[in-house]
Amino acid sequence: MDKIISKTHISLLLSMLKTRMVEEKIVELYPEQEMRCPTHLYIGQEAVSAGVCQNLKKRDYVFSSYRSHGAYIAKGGSIKGLFAELYGKKTGCSKGKGGSMHIISKEVNFMGTSALVGGVIPIAAGTALASSMKREKRVSVVFFGDGACEEGVFQETLNFAALKKLPVVFICENNFYATNSHQLTRQAVDNIYKRSEIYNIPGFKVDGNNVLDVFKLSKRAVENARNGKGPSLIECRTYRWLEHVGPYFDYDLGYRSKAELDKWIKRCPLTTYEGVLLEKGVIRRSALDKMKEKLRREIEDAVSFAKKSPFPSVKDTHKDVYEKKR
Amino acid sequence: MKRKDSSIRQLTYCQAINEALVQLLERHRNIFIMGLGVDDCGRIFGSTRGLSERFGKKRAFEIPISENAVTGVAIGASLCGMRPIMTHQRMDFMFYAFDQIINHAAKWHYMFGGQFPVPITIRTIIGRGWGQGAQHSQSLHSLFAHIPGLKVVMPSTPYDVKGLLISSVLDDNPVIFIEHRRLYDEKGAVPEEFYSIPLGKARIVKKGRDITIVANSQMVREAEKGAKELLKSGIDAEVIDLRTIRPLDEDLIFNSVKKTGRLIVADTGWRNCGIASEVSSSVAESVFEYLKAPILRITFADTPTPTSAALEKTFYPDSEDIVYVAKRLILGKKIKRKKKERAILDEQFKGPF
Ligand SMILES: Cc1ncc(C[n+]2csc(CCOP(=O)(O)OP(=O)(O)O)c2C)c(N)n1
Ligand SMILES: [Mg+2]
């Protein structure tokens with residue numbers, strides 16, 4: 001299948017599958033009320049983080065929003081650390097201080113997430129500035145929503161990144177909604193990918209449910225950043241299946257229709273890609289089943305690790321407010 | 001306006017906000033309301049329900065996620081005689097608008113010699129617990145109260161939230177109106193009339209002789225619970241609800257302390273440079289000679305908000321802390337303390353917010 005080698009295909013599939021299965025587990029367990037933190041699920045958008053992160057090296061930096069399980073997993077974050085964080089445990093990736101909205105994996109340079117819309121956009125330009133000052137060939141990538149493009153900080157950061165020709169890739173995940181509001185009730189024009197043009201930053205639009213399209217387009221952007229050609233903006237058009245925050249469907253709320261959801265479920269990024277790979281013989285059904293079974297066990301392990309882990313102690317409340325001289 | 005008439009209707013805090021908004025929009029053509037969630041299916045936890053249907057989408061509308069710019073827009077509209085109400089579902093989100101609030105709204109009147117009032121009201125919501133974490137739970141009312149030119153209101157009951165919201169919107173100055181998510185479902189008597197409660201007037205919630213407990217917002221509820229508990233040990237506490245933290249009703253506090261000689265201040269925020277410190281120092285400056293004991297403050301732990309339920313227990317103060325501190329002040333230092341066992345307000349609240 002084109003020039004993409006099958007190892008890449010398998011890796012893309014694995015990343016999407018892992019994200020999906022982890023989140024399906026969260027959907028199953030969340031009603032137990034033991035994961036006591038607001039949790040914004042990513043189901044339906046997996047092709048974006050998988051496609052983009054496939055082009056990154058471990059040393060590259062990634063930032064995301066509160067809806068970040070996908071980017072965290074695609075960058076290689078540990079799912080034990082993720083589940084333990086959701087359960088508020090000491091073994092969590094943020095030691096129980098962050099919850100779902102604040103996950104991090106320093107080992108793989110997944111640099112953190114913000115619960116403020118647009119909050120991480122300039123911070124990613126900051127890591128890019130540091131890389132360029134230190135002459136390291138590291139790329140910074142930031143994931144954010146369509147809503148985040150309404151914050152002034154988005155435009156301010158684009159200008160700064162262009163001015164300094166920073167090695168940063170801006171990935172807008174346009175799922176058409178911010179909480180319960182459609183993009184066109186908040187934005188005068190449907191043209192996010194064009195909003196960098198005025199700074200001479202190339203902007204692209206891509207089907208965010210097609211993992212190969214995302215992969216190929218972001219490959220160019222990442223290479224450009226790595227080779228000193230400056231930033232890019234990519235608008236990935238996709239869809240969030242579940243409610244803004246929490247594990248349930250929400251078409252009953254009335255802000256979007258079941259028909260619209262069904263249309264997007266039919267375009268599921270994961271099953272579509274599975275179908276393509278099976279058809280082209282890149283993977284066999286039995287191998288796919290094995291892959292899923294292995295993931296299922298890994299996820300069960302992570303959940304039981306999380307449930308068994310201790311809570312932080314009272315003393316931990318006061319720990320880490322400041323960095324102490326080491 | 002007389003309070004406490006048992007024949008009057010019970011409304012929730014949220015319904016009382018909604019009724020105030022309806023009555024304001026009905027009476028004044030120049031009032032409008034805008035914010036994230038004002039006209040979506042959630043309607044800011046229900047508080048803006050029915051507004052766009054009744055008053056049209058020109059007077060009750062959604063905004064882009066552009067807090068700072070839209071706050072500036074509100075200021076501009078107010079310079080032309082409009083009375084905008086802005087809303088934020090969590091206080092944390094309005095920090096993007098610090099610039100417009102602090103540098104512009106708070107200054108426009110003074111800086112130009114009093115020519116332009118800025119009658120805007122910014123409704124914002126604080127919370128407690130359920131893993132909201134560091135960026136979804138902050139209560140920086142004290143920071144706003146630090147700024148000359150702003151007024152800061154923190155209602156704790158359905159009756160107050162209606163009367164104070166009406167006063168805030170009709171006030172000719174920028175008002176930061178801080179609601180508490182945990183109070184939204186609480187019921188209380190609320191008259192149907194259009195009434196206002198003056199800004200800067202505190203309220204005695206419960207009279208008492210032995211100790212004064214000054215509290216704000218949801219901590220008033222903890223103080224009331226604490227006072228009840230203290231009665232069992234023969235301690236008769238007076239509970240004061242600040243209602244407005246800027247301006248501060250110093251007279252009411254001073255008179256109470258003159259009577260009881262002891263003061264605890266319980267705040268929904270942090271200690272350092274906070275409103276609890278402000279109340280304490282005012283008392284120390286003005287009625288020091290009446291004090292029989294040191295003043296004590298009850299506030300958040302001095303850390304950002306942790307997410308884990310295990311840590312929230314120690315982070316948020318509650319009625320147990322108030323009881324403990326009051327007993328220590330009155331009965332001497334050697335009080336044994338039980339370890340707090342339950343997580344924050346586990347009982348009814350099913351997350352997420
Ligand atoms: C500064 C700020 N304003 C408002 C909010 C409340 N809020 C949380 S998520 C959200 C919607 C953001 O939509 P989008 O950027 O499209 O991301 P998505 O949730 O669709 O992934 C809003 C308004 C916030 N967290 N931060
Ligand atoms: Mg969106």
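Predicted model: local features only at pLDDT ≥ 70, side-chain atom pairs only at ≥ 80, totals over all residues.

Analyst: **The magnesium site and its surroundings**

Let us start with D146(A), which counts as buried at 1% relative accessibility. Here buried means under 20% relative accessible area, exposed means over 50%, and partly exposed lies in between, with a 1.4 Å probe and protein chains only. Residues are numbered from 1 along each chain as its sequence is written, chains are lettered from A and ligands numbered from 1 in the order in which they are written, and side-chain values use heavy atoms, with hydrogens and water left out.

What does D146(A) do at this site? Together with N175(A) and Y177(A), D146(A) coordinates the magnesium ion (ligand 2) at 2.1 Å. The donor atoms are OD of D146(A), OD1 of N175(A) and O of Y177(A). Donors are N, O and S atoms within 2.8 Å of the metal (3.2 Å for Na, K and Ca), and water is not among the atoms, so sites may look incomplete. Along the chain, the donors follow the spacing D-x28-N-x1-Y. D146(A) sits in the loop between β3 (140-145) and α6 (152-163) of chain A, while Y177(A) belongs to strand β5 (residues 177-178), so the pair ties together parts that are 31 residues apart in sequence. Helices (H or I, at least four residues) and strands (E, at least two) are DSSP runs, numbered from the N terminus. Y177(A) is buried too, at 6% relative accessibility.

Now step along chain A to helix α5 (residues 121-133), where you will find S131(A). S131(A) is buried, with a relative accessible area of 1%. Leaving out residues up to four places away in sequence, S131(A) touches Y61(A), E136(A), R138(A) and P167(A); a contact means heavy atoms within 4.5 Å. In the loop between α5 and β3 of chain A lies R135(A). Is R135(A) buried or exposed? R135(A) is exposed, with a relative accessible area of 76%. The phi of R135(A) is near 55°, a positive value in a residue other than glycine. As background, most residues other than glycine have a negative phi, and most peptide bonds are trans.

Stepping back, chain A as a whole has 11 helices and 8 strands. Its radius of gyration is 19 Å, close to the 20 Å that the globule rule gives for 326 residues, so chain A is as compact as a globular protein of that length. That radius is taken over C-alpha atoms, and the rule is 2.2 Å times the number of residues to the power 0.38. Buried residues make up 58% of the 326 residues. Of the contacts in chain A between residues at least 6 apart in sequence, 74% join residues at least 24 apart. Chain A carries 54 positive and 37 negative side chains, with the centres of the two sets 7 Å apart. Lys and Arg count as positive and Asp and Glu as negative, while His and the chain ends are not counted; each charge is placed at NZ of Lys, CZ of Arg, CG of Asp or CD of Glu.

What about chain B? Chain B has 12 helices and 14 strands, and 61% of its 353 residues count as buried. In chain B, 82% of the contacts between residues at least 6 apart in sequence join residues at least 24 apart. One place to look is I8(B), in the segment before β1 (10-12). The C-alpha atoms of I8(B) and A189(B) are separated by 5.9 Å, although these residues are 181 apart along the chain. Not counting residues up to four places away in sequence, I8(B) touches A189(B), V190(B) and P191(B).

W130(B) has a positive phi of about 55° although it is not a glycine; W130(B) lies in the loop between β5 (121-126) and α6 (141-145) and, at 1% relative accessibility, counts as buried. A cis peptide bond, with omega about 0°, joins R246(B) and P247(B), and P247(B) is found in the loop between β12 (244-246) and α9 (250-260).
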